[in-house]
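Here is a short note for a colleague who is new to this structure. Please look at the model first, then read the points in order.

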Amino acid sequence: MAETGIKKWIITITVITASLLELIDTTIVNVSIPQIQGNLGATITDAAWVVTGYSVANVIILPMSGWLGSFFGRKNYFLTSIIVFTIASFLCGNAHSLSELVMFRILQGLAGGGLISTAQAILLETWPPNQVGTATALFGLGAIVGPTIGPTIGGYITDHAAWRWIFYVNIPVGALAATCTYMFVRATPSDGKGKPIDWWGIGLLAVAVGSLQTILEKGEDEDWFATPYITVLTVTAVFGLLLFIWRELSTEYPIINFKIMRHRSFSAGMVTSFILGVGLYGSTFVFPVFCQGLLGFSAQQTGEILFPGGMFTIVMMPFVGIMLNKGIPAQFMATIGMLLFFVFSAMLSHSTLSSGIGDFFWPLAIRGVGLSLLFVPLTTLAIGGLKGQEVGQGTGLNNMMRQLGGSFGIAGLNTMIHIRQAVHRNNLLVNINNYNPFYNDRFNGYVQAFIAKGKSISDATRMAYGAIEGAVQKQSTLLSYNDAYWVVGIVMLCAIPMVYLAPFVKGQKAVSDSH
């Protein structure tokens with residue numbers, strides 16, 4: 001039964017705030033890794049496990065969150081997740097060694113994985129069927145804006161306070177969300193009493209998904225299959241996944257109900273959510289690294305560049321919900337969103353080393369509008385045919401696929417950038433020879449400039465070669481980032497046919513049928 005009046009809005013703000021905490025913490029730590037490394041006396045590779053541990057734990061729980069919400073009662077599970085997440089945040093901020101911090105981040109990830117999907121399921125029950133499009137749009141603000149602003153908030157806090165405060169700031173927000181959940185969210189029945197727990201399913205899921213996420217997080221740093229443990233994890237992930245699917249299809253009380261895959265719209269939605277993750281997290285990964293690594297922007301400046309695009313998303317989201325409620329087909333809006341995402345990628349693929357803040361405003365604004373037209377329609381298409389307990393299972397799997405899409409996207413783009421960087425470098429080096437007048441002019445110009453600064457001819461010549469090498473390195477890196485933008489755009493274009501595999505229903509009917 002849907003809520004009305006002020007209670008509906010209190011619940012909405014509460015669940016969005018709780019899920020936003022989890023989504024921001026997915027990326028907020030990234031820019032603070034060097035400070036954490038120095039403060040705790042760890043190597044940069046070891047400190048990276050602060051991010052990896054959270055992501056692995058998070059993606060393990062996501063597909064289980066529907067079953068956990070049903071087993072313990074949705075309100076009970078959601079409230080417990082908020083409390084554990086808040087306590088884990090304090091423990092992370094108070095950690096005295098890297099091993100403590102990684103352990104508490106894993107705990108935080110396990111709790112956080114139960115927030116986003118359970119929050120979405122609570123929201124679907126809170127709003128009446130003819131307004132679920134608006135509710136999903138409001139929820140989408142956190143899902144899209146959270147990963148985008150996470151590094152900015154982390155950079156600002158780290159620059160103006162200390163890295164520990166990126167965890168401490170969660171405490172008052174988590175306490176308020178827990179209080180509002182306890183007071184206002186309606187309790188749902190617990191189905192766990194007297195039913196057996198599929199421990200084999202839980203174990204196989206943890207092994208398979210945990211191994212896969214670890215591969216995606218650490219593969220590029222470890223040179224992929226040149227490292228034995230990555231090879232072992234790959235074999236473990238493949239066999240673990242096959243055994244897990246067999247187990248869930250053969251047991252009477254599965255952790256994940258794969259029977260919901262019979263809904264064609266949900267199966268198609270899983271694929272499109274994966275691709276949305278590639279675009280959302282992939283572009284969020286490439287653009288800040290490009291700005292800070294090549295253009296010399298700070299984390300705070302990069303966040304300020306991203307902010308207007310996020311505002312376009314925020315402004316557009318309610319209108320997307322209204323359009324869905326008025327019956328505009330979700331397929332149409334998703335198609336426009338993917339086309340806009342391609343336009344954004346194509347525009348950024350022409351970036352240069354002299355690109356400034358003004359050059360990024362309209363591409364990121366187009367991205368912001370495109371994302372608003374993607375998240376809500378794709379979610380509507382995925383869960384539109386689900387009913388009852390299937391909604392909780394569906395939201396968990398759907399969010400896991402978006403998260404895995406992001407991990408695949410980041411890992412793939414990172415690897416592609418390194419490969420293309422070498423290719424572009426070799427192509428550019430062909431022009432570095434004494435028979436090229438442009439090269440001779442540039443080289444002699446460098447030599448004369450260094451001599452004018454008082455350097456000897458031998459030192460000036462050596463420094464000129466270094467300057468040429470630096471220019472080649474920068475240009476090859478720039479071209480590889482431009483290639484990455486193209487890949488993201490093309491992936492989004494190729495996903496357009498997938499949205500039409502779902503039954504062609506109007507937005508209002510799709511979300512109404514899920515109740």
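The points below go from the whole chain to single contacts.

1. **Ground rules.** This is a predicted model, in which local features need pLDDT of at least 70 and side-chain atom pairs count only at pLDDT 80 or more, while totals for chains, interfaces and linings use all residues. Residues are numbered from 1 along each chain as its sequence is written, and side-chain values use heavy atoms, with hydrogens and water left out.

2. **Overall build.** The chain has 21 helices and zero strands. Both are DSSP runs numbered from the N terminus: helices are H or I with at least four residues, strands are E with at least two. Along the principal axes, the C-alpha atoms fill a box of roughly 85 × 50 × 45 Å. The radius of gyration is 24 Å, which agrees with the value near 24 Å for a compact globule of 515 residues. That radius is taken over C-alpha atoms, and the globule rule is 2.2 Å times the number of residues to the power 0.38.

3. **Burial.** Of the 515 residues, 55% count as buried. Buried means under 20% relative accessible area, exposed means over 50%, and partly exposed lies in between, with a 1.4 Å probe and protein chains only.

4. How many salt bridges does a search of the whole structure find? It finds four. The criterion is a side-chain nitrogen of Lys or Arg within 4 Å of a carboxyl oxygen of Asp or Glu. Arg-420 pairs with Asp-483, with the closest N and O atoms 2.9 Å apart. This pair links distant parts of the chain: Arg-420 is in helix α17 and Asp-483 in helix α19 (residues 457-494), 63 residues apart. Arg-420 is partly exposed, at 29% relative accessible area. Glu-469 and Arg-425 also meet in a salt bridge, at 2.9 Å from N to O. Here Glu-469 belongs to helix α19 and Arg-425 to helix α17, 44 residues apart. Glu-469 is partly exposed at 33%. Arg-425 is partly exposed at 25%.

5. Asp-459 and Arg-462 form a salt bridge, with the closest N and O atoms 3.5 Å apart. Both lie in helix α19, three residues apart, about one turn of the helix. Is Arg-462 buried or exposed? Arg-462 counts as exposed, because its relative accessibility is 54%. Asp-459, at 32%, counts as partly exposed.

6. **Aromatic pairs.** The whole structure holds 17 aromatic pairs. Rings of Phe, Tyr and Trp (its six-membered ring) pair if their centres lie within 6.5 Å; planes under 30 degrees apart are stacked, over 60 edge-to-face, and the rest tilted. Phe-71 and Phe-72 have ring centres 5.0 Å apart and planes at 75 degrees, so this pair is edge-to-face. Phe-71 is buried at 12% relative accessibility, whereas Phe-72 is partly exposed at 42%. Phe-274 and Phe-408 make a tilted pair, 5.5 Å centre to centre with 55 degrees between the planes. Phe-274 lies in helix α13 (residues 264-293) and Phe-408 in helix α17 (residues 389-429), so the pair ties together parts 134 residues apart in sequence. Phe-274 is partly exposed at 23%. Phe-408 is partly exposed at 35%.

7. **A ring cluster and a neighbour.** Which residues do ring pairs link into a cluster? They are Phe-287, Phe-290, Phe-360, Tyr-481 and Tyr-485. Phe-360 is 51 residues from Gly-309 in sequence, yet their C-alpha atoms are 9.4 Å apart in space. Gly-309 lies in helix α14 and is buried at 6% relative accessibility.

8. **Charges over rings.** The charged end of Lys-8 sits over the ring of Trp-127, 4.2 Å from its centre. Arg-367 lies over the face of Phe-344, 5.9 Å from the ring centre. The test asks for NZ of Lys or CZ of Arg within 6 Å of the ring centre and within 35 degrees of the ring normal.

9. **A nonpolar surface patch.** Phe-307, Met-311, Ile-314, Val-315, Phe-319 and Ile-322 form a nonpolar patch on the surface, with about 540 Å² of accessible area together. Patch residues have over 30% relative accessible area and no salt bridge; like charges are joined within 9 Å, nonpolar side chains (Val, Leu, Ile, Met, Phe, Trp, Tyr) within 5 Å. Areas come from the Shrake-Rupley method with a 1.4 Å probe, and for residues only the protein chains shown count as cover. Val-315 lies in helix α14 (residues 299-325). Val-315 is partly exposed, at 48%.
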